[in-house]
Amino acid sequence: GSDTVFVRAPPDVRTVLSSTAPSTGLKWDYLGVMSRASNLLQPMALGTFFHMPTGAEWRQQRRSVAPVFSLPTATSYALELAAELPTTLESEEGPVDAQQLMHDLLRDTMFVTGLGRLPTTEEKAAFQELATLSEAPTDSVTDEALEAAVVCTIRVLSNSVDEFAQHRPKERTFMAGLMLDAGHDSEAIARALHNLIVAGAESNAASLARTLACIAEDPSIQQKLVEELQTVLDGNAPSTPKDLSSLTYLDAVVREGLRRFAPATVVVRCFAEPTVLHNGAVVQAGQRLAVCIPAVHMNEEHWPEPQRFHPSRFVGSTPAPNTYLPFSLGKRACPGKNMAILQAKAVIATLLSDMRIERAPDASSLDDHVPRFSGWGNEGVPIVFRRR
């Protein structure tokens with residue numbers, strides 16, 4: 001295939017991400033050097049959903065599901081499920097893999113968002129099989145095995161959509177219902193839900209778990225967060241959107257976590273006409289242009305000491321344009337970005353209102369991860385949770 005040109009200069013980042021051109025149509029094989037089985041989000045391309053359509057089809061899809069990602073809806077889902085975490089961890093005495101813990105929590109949140117309920121045993125098993133294959137070493141998984149797992153999850157979700165249509169909840173807005181109203185069939189909705197669950201659970205779990213690990217490793221950051229909870233909420237867990245918005249240092253911690261451990265690593269566009277970069281170089285029509293998000297976030301020109309987890313850089317200041325893009329930018333940015341931020345805030349605040357967190361002594365480096373679309377850790381992210 002054609003070569004891929006990677007950019008990180010802010011003007012070029014703007015050029016790539018402001019485009020409404022679809023992502024490259026090569027089934028998310030974005031690097032051209034990695035097999036499809038090594039790409040965590042390749043299964044998302046089996047459905048059109050948000051990535052591949054253009055024009056009216058793309059706009060219609062975005063509009064039809066926009067209410068799912070509205071602030072009140074996203075906050076209610078995040079707070080409801082985060083509130084159960086202390087009880088879940090109450091019986092745990094040793095290290096817990098925060099990455100798996102966050103994966104399961106966010107998976108459940110995505111099911112509530114999509115179908116209005118928690119996943120069934122069959123649904124959990126289907127997505128666990130897919131996750132196991134996606135997170136395995138690249139050379140141990142075949143394309144055929146991964147595609148078979150994807151087909152299985154689509155089949156299971158199609159059946160779930162049919163059941164949803166027969167016993168549709170009336171009290172709240174869910175993605176399946178919105179897409180049924182827009183005229184989509186069961187398979188199209190199943191593919192969209194598959195996209196939602198994989199994107200919402202896998203990538204955000206890896207990022208949020210590492211953010212928790214950084215909080216655990218730095219007592220001063222953890223203490224500032226606890227003091228803010230005590231000052232603003234009398235030490236209680238947040239229970240409303242207003243509670244979350246009032247925790248300004250927590251906001252800085254979450255945003256720094258998204259910078260240091262971006263949920264996604266690359267965004268690709270394939271332009272129909274020649275494109276001129278800021279240095280005068282011309283990228284020919286049909287050639288792929290890609291933004292490597294970690295490269296942008298670790299650029300010392302815009303982020304002093306980029307390896308350091310330093311939430312204060314987000315206190316009272318705003319990143320320079322086109323230098324901070326954990327969820328991409330422009331019209332094709334991730335529609336669930338607000339939900340992901342609220343989930344992270346709800347999880348961290350709920351945990352610290354009741355627990356002290358510590359990094360497991362034999363934990364591996366937070367930069368030791370499987371080289372894929374998201375930074376899934378090779379050996380998990382072990383953290384010890386203790387009651388205060």
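Which residues in helix 9 meet helix 10? Ile215, Ala216 and Glu217 do, and their partners in helix 10 are Pro219, Ile221, Gln222 and Leu225; contact here means heavy atoms within 4.5 Å.

## About the model

This is a predicted model, in which local features need pLDDT of at least 70 and side-chain atom pairs count only at pLDDT 80 or more, while totals for chains, interfaces and linings use all residues. Residues are numbered from 1 along each chain as its sequence is written, and side-chain values use heavy atoms, with hydrogens and water left out.

Helix 9 covers residues 186-217.

Most of helix 9 is covered, with 26 of its 32 residues buried (under 20% relative accessible area, with a 1.4 Å probe and protein chains only). At its start, a side-chain oxygen of Asp185 comes within 3.3 Å of the backbone nitrogen of Glu187.

## Where two helices cross

Helix 10 takes in residues 219-233. The axes of helix 9 and helix 10 come within 5 Å and cross at roughly 100°, so the two helices are roughly perpendicular (angles of 65 to 115 degrees).

## A look at Arg288

Arg288 sits in strand 6, residues 288-292. Is Arg288 buried or exposed? Its relative accessibility is 4%, so Arg288 counts as buried. The side chains of Arg288 and Thr4 are joined by a polar contact of 3.4 Å (a pair of N or O atoms within 3.5 Å, one able to donate a hydrogen and the other to accept it).

Technical notes: Helices (H or I, at least four residues) and strands (E, at least two) are DSSP runs, numbered from the N terminus. The expected span of a helix is 1.5 Å times one less than its number of residues. Buried means under 20% relative accessible area, exposed over 50%, partly exposed in between (1.4 Å probe, protein chains only). Axes are lines fitted to C-alpha atoms, for helices over the stretch in contact, and angles run from 0 to 180 degrees between N-to-C directions. Angles under 35 degrees count as roughly parallel, over 145 as roughly antiparallel, 65 to 115 as roughly perpendicular and the rest as oblique.
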